[in-house]
Amino acid sequence: MTGIRKTRGLAISAVALAALAGMSLPAHAEDTDPSEPVVEMGTAPPEEPQETDLTDPIEGEPNIPDIPPTGKLPSEYCEKSHVYIPTANLGRKHKGVGATQSNYNTGTRTARSTFTSELTGEVGINVTVGLSTSVDVMVAKIESKYDVNLSLKLTAKMGNSISVDTPAKKTTNAKYGVYRLKNTGTSYVIYSNCQTSAKKTITSYTPWRAGWYLWEE
């Protein structure tokens, strides 16, 4: 898009206003109204999720043998269990749905830019190979540790609009999509002979909320 259009502005939630103003949010503020789109203002395009080594998970319990490959009989007994422990919250990462939209303010005063999402798209969870638990268990563990509500899938819908101020001679860029929580954790199996499998570091991106990511140039 070029130039500036005068249109009706979208009412933005307290979360969005706080993000745009660079303010800190009170505890649990992010989950007060999941129906409101999240808005964040950055200084550069959103970081692209590093998903080249990740796979879409298969739901359900993984098929892992009860006794490790050594074949030794257990000298003591442990209840077999699949373990996942969240270790690091790496923040929200935006995955866009559709192309980036841009507005350049050709005038000498601040003007209003309006952006409207043009596609509907679904964004799911993404997990590295080696998770020993089910995806549901992993997500529940992450939610419990960080006190956040996550989903296995979220839809960014066409027609969602936002209006923001664009300074004179500046370009406002906007991308609509889904924010996902990036997390790392440790996953392994405790076998019935009390041995454990090799511990693996699992990276996951789990959908949190739909919303906009904005930046100026």
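## The disulfide

The structure holds 1 disulfide, a term for a pair of cysteine sulfur atoms within 2.5 Å. The partners are C78 and C194, whose sulfur atoms lie 1.8 Å apart. Because the torsion about their S-S bond is about 100°, the disulfide is right-handed. The pair links distant parts of the chain, 116 residues apart: C78 is in the loop between strand 2 (54-55) and strand 3 (81-96), and C194 is in the loop between strand 10 (171-190) and strand 11 (200-216). Helices (H or I, at least four residues) and strands (E, at least two) are DSSP runs, numbered from the N terminus.

Are these two cysteines buried, partly exposed or exposed? C78 is partly exposed, with a relative accessible area of 23%, and C194 is also partly exposed, at 22%. In these terms, buried means under 20% relative accessible area, exposed means over 50%, and partly exposed lies in between (1.4 Å probe, protein chains only). The backbone of C194 has a positive phi of about 75°, although C194 is not a glycine.

## Basis and confidence of the model

This is a predicted model, in which local features need pLDDT of at least 70 and side-chain atom pairs count only at pLDDT 80 or more, while totals for chains, interfaces and linings use all residues. Residues are numbered from 1 along each chain as its sequence is written, and side-chain values use heavy atoms, with hydrogens and water left out.

The term pLDDT denotes the predictor's confidence in each residue, from 0 to 100. Its average over the chain is 78, and 71% of the residues score at least 70. Over residues 1-32, pLDDT stays under 50; for this stretch the model has 56 contacts beyond four places in sequence. A contact means heavy atoms within 4.5 Å.

## Overall architecture

The chain contains 2 helices and 11 strands. Read along the sequence, these elements follow the pattern α-β-β-β-β-β-β-β-α-β-β-β-β. Among contacts between residues at least 6 apart in sequence, 84% join residues at least 24 apart.

Of the 217 residues in the chain, 40% are buried. The chain exposes about 11800 Å², of which carbon and sulfur atoms supply 51%; accessible areas come from the Shrake-Rupley method with a 1.4 Å probe, and for residues only the protein chains shown count as cover.

In soluble globular proteins, nonpolar side chains tend to be buried together. A nonpolar core is a set of buried Ala, Val, Leu, Ile, Met, Phe, Trp, Tyr and Cys residues joined through side-chain atoms within 4.5 Å. Which residues have the most contacts inside the largest nonpolar core? They are L131, M138 and L150, in a core of 17 residues. Helix 2, strand 10 and strand 11 are the elements that give two or more residues to this core.

Leaving aside residues up to four places away in sequence, L150 touches V139, I142, E143, L181, T206, P207 and W208. A second, separate core has 13 residues, including V97, F115, Y176 and L214.

## Buried polar residues

S132 is found in the loop between strand 7 (126-128) and helix 2 (135-146). S132 counts as buried because its relative accessible area is 3%. Which backbone oxygens lie 3.2 Å and 3.0 Å from a polar atom of the side chain of S132? The backbone oxygen of V83 is at 3.2 Å, and that of Y188 is at 3.0 Å.

T172, in strand 10, is buried as well, with a relative accessible area of 0%. The side chains of T172 and T166 are joined by a polar contact of 2.7 Å. A polar contact is a pair of N or O atoms within 3.5 Å; within protein, one must be able to donate a hydrogen and the other to accept it, and residues adjacent in sequence count only if both atoms are side-chain atoms. Beyond four places in sequence, T172 touches Q101, S102, N103, F115, V164, D165, T166, W215 and E216.

## Two further residues

K169 lies in the loop between strand 9 (161-166) and strand 10. Phi of K169 is near 60°, a positive value in a residue other than glycine. With 46% relative accessibility, K169 is partly exposed.

S144 lies in helix 2 and is exposed, with a relative accessible area of 60%. The C-alpha atoms of S144 and P86 are separated by 9.7 Å, and these residues are 58 residues apart along the chain.
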